[in-house]
Amino acid sequence: MENEKYDVIVVGAGLAGLSCAYYLTAKGKKVLIIEAHDYVGGRTSSFVDHSMQVESGLHRYIGYYSALPLLLKKCGVKIGDIETWEEKVDILIKNKNKKLVLGLAPLFAPIKTARGILGNNDILTVKDKLSLVPFFISGFCSYAFSDKLDKYSVTEYANRHHVTDKSKRLVLEPLSSGIFFLPPENYSAYAFFGLFAPAIPKFYKMRIGAFLGGMTEVMCDPIAEKIRAQGGNFILGTTVERVIVKNGAVIGVKSADGKTFLAPHTVLAATLPSAKKILSPLKDNNGLKNLFALDTMSACTLQLELNKPALKKDITTFGPGTDMVSFAEQSRSTFRNLKGRLSVILGNPKEYTEKSPETILNIVKKQMKFLGVDLSDSVTDYRKVAERDGFYSLSKGSQRLRPAQKTDIKGLTLAGDYTLTSSFATMEGAVISGKRAAKACLKAFSNSK
C-alpha cells in the first residue's frame, strides 16, 4: 500500500476519520485510512485487554443526535438495534442512602420527566429548583445570541444567577463533571449550555441510549465495512509520526516505522495531542497557532467485572461530592455475557492517570460505599483505561481556539471533535467534523480541475 496512489489519506479511524472516509469513498475517491490501534473506533472503541472486555470509556448516545444516526443508517445500522434507552438518571446522595431521580425523556417518559421536576422535594426544595430557572433561561438565551458565555465557568455563571449551593452540587455538578469529567468551576458555561441547547428544538427526541454491545462491534466496524465496500483501504496498528511537507504543502505522511504514504490531500483525524505531534513540521505556521494553543484535558475510567450486578438497573448514575462522577452497571446492556459489569468515570482524571489500578480500585470501593454501593466482595477483575491530556479542554476560553476543518495549507484538512462545530467533545461533533472535512476535500478536488 505504501507505493499505491491515493486521492486522500485519512489519519485516524475514530468516528471523525470514519465519517470523513465514508463520505469521500461514497463520491468515488480512493482513500487510505491509517490507524494506530489494531481496531477502529478511536475514543469510541471496544477491545479485549488480557482477556477482559473493556471500552475506551463510558459512552452514551443522546437521542437528539442527527449526523451520527444518518451515517449509521447509510452503513446499514439502525440506532434502535444497537441501543437500549434510559428514560431517567439517578443521582446518589453521599452518605444519605438517598437518590435524586431525574427523567430525561419528555416525550417517551413524560410522567418520569414531570416527577423529576415536581418531585424529589425531600432532596431539593422549591427554592432550590426555582434558583435554577433564571440560570437556564439566561444561559440558553445567551448561548443563542452570543459567545460571551465562554468567559464564565459553570460555577461563576451559577453564582451570577444565585443558584443555591444544593442545586449546584446535586444538579449542575452531575451535568458538568459527570458528563465531561471537568469540575464546574473550570467547565465553560458555553460548552455546558451548548451540549443541551440542541435538545430544545428536538425535545421530543431527548433520551439517553446505552450500547447493546461493544462500540467497535456494533457501531464502528459496520462503518468501516461500508468504507471497504466503497473501495477504501485500512492500515491498522500503524502510528503516523508526522506530515510530509514540500514547498509549503502537505503531500502525505510518514509512519513511525519509516514508511511514507503520499496523496494530494491528507485529513488529520487524530486526537488533539496526536495532531499536534504529527503537525510538528508546521508548528510555526500562523494558520495553526490556535490548534497548538488549544489546551487539553485527561480522562480516566475504572472498569470492573463483578460476580453480581452493582446496581439494580443499567442506567447512568452520578455521584456528586465524590470522584465517582458518573458510572453505570452494564451487565444487562453492553456486557450481557457477564454477571456484573461496572464502568466508573473518575473526577480529577489527570491525578488518576498517574495512580496504579490497584490504588484506584481501593478508592473506588471506598467512595462507592459512601454512595450506598458495596463492591467489597464482588470484584473479579478490573482495568484502568486512561488518556492523559487526550481531549481538548472544555474550560472557559477554549471555544475561540477550535480550528476549522479547512486550513490554508495546501493538502491539509483537519477533523476531530476538537475542530469547530456546533457540537463539543461528543460523538456527534466528531461525525460532523468528518463530514465537513470530506466536503472540504471534495471542493479542493473540484477547484483543481
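Is N95 buried or exposed? With a relative accessible area of 56%, N95 is exposed; here exposed means over 50% relative accessible area, buried means under 20%, and partly exposed lies in between, with a 1.4 Å probe and protein chains only. The model is a predicted one, in which local features need pLDDT of at least 70 and side-chain atom pairs count only at pLDDT 80 or more, while totals for chains, interfaces and linings use all residues. Residues are numbered from 1 along each chain as its sequence is written, and side-chain values use heavy atoms, with hydrogens and water left out.

Strand 7 (residues 88–93) and strand 8 (residues 98–103) run antiparallel and are joined by six bridges; two strands are taken to pair if DSSP finds at least two bridges between them. I93 has K98 of strand 8 as its bridge partner, and the hairpin has four residues between the strands. N95 has a positive phi of about 60° although it is not a glycine. Most residues other than glycine have a negative phi.

A second case of this kind is F181, a residue other than glycine with a positive phi near 50°. F181 belongs to the loop between helix 7 and helix 8 and, at 9% relative accessibility, counts as buried.

Helix 8 (residues 189–196) comes next, and eight of its eight residues are buried. Among them are Y190, F192, F193 and F196. The elements that cover these buried residues include strand 5, helix 5 (126–145), helix 6 (154–160) and helix 7 (165–180). At the N-terminal end, S188 caps helix 8 through a side-chain oxygen that lies 3.1 Å from the backbone nitrogen of Y190.

A cavity is a set of points on a 1 Å grid over the protein atoms alone where a 1.4 Å probe fits but cannot get out, and lining residues have an atom within 4 Å of a point. The structure holds one cavity of 30 Å³ or more, and the largest cavity has a volume of about 40 Å³, the volume being the space filled by probe spheres set on the points. Its lining divides into five nonpolar, four polar and one charged residue.

Strand 5, part of the cover of helix 8, also belongs to an open sheet of three strands, in the order 5-9-6 with antiparallel pairing. Strand 5 (61–62) and strand 6 (83–86) stand at the edges with a single partner strand each, so one side of each is left without a neighbour in the sheet. Strand 6 pairs with strand 9 (residues 208–211) over four bridges in the antiparallel sense, and T84 has A210 of strand 9 as its bridge partner.

One further loop residue is Q330, placed between strand 17 (324–329) and strand 18 (340–346). Q330 is buried, with a relative accessible area of 1%. Leaving aside neighbours within four places in sequence, Q330 is in contact with residues including E55, L58, R60, D314 and F335, where contact means heavy atoms within 4.5 Å.

Terms used
Helix = DSSP H or I, 4+ residues; strand = E, 2+ residues; numbered from the N terminus. 1 Å grid on protein atoms, 1.4 Å probe; cavity = no way out; pocket = protein on both sides within 12 Å on 5 of 7 lines; lining within 4 Å. Nonpolar A, V, L, I, M, F, W, Y, C, P; charged D, E, K, R; others polar. Polar contact = N/O pair within 3.5 Å; in protein donor to acceptor, adjacent residues only side chain to side chain.
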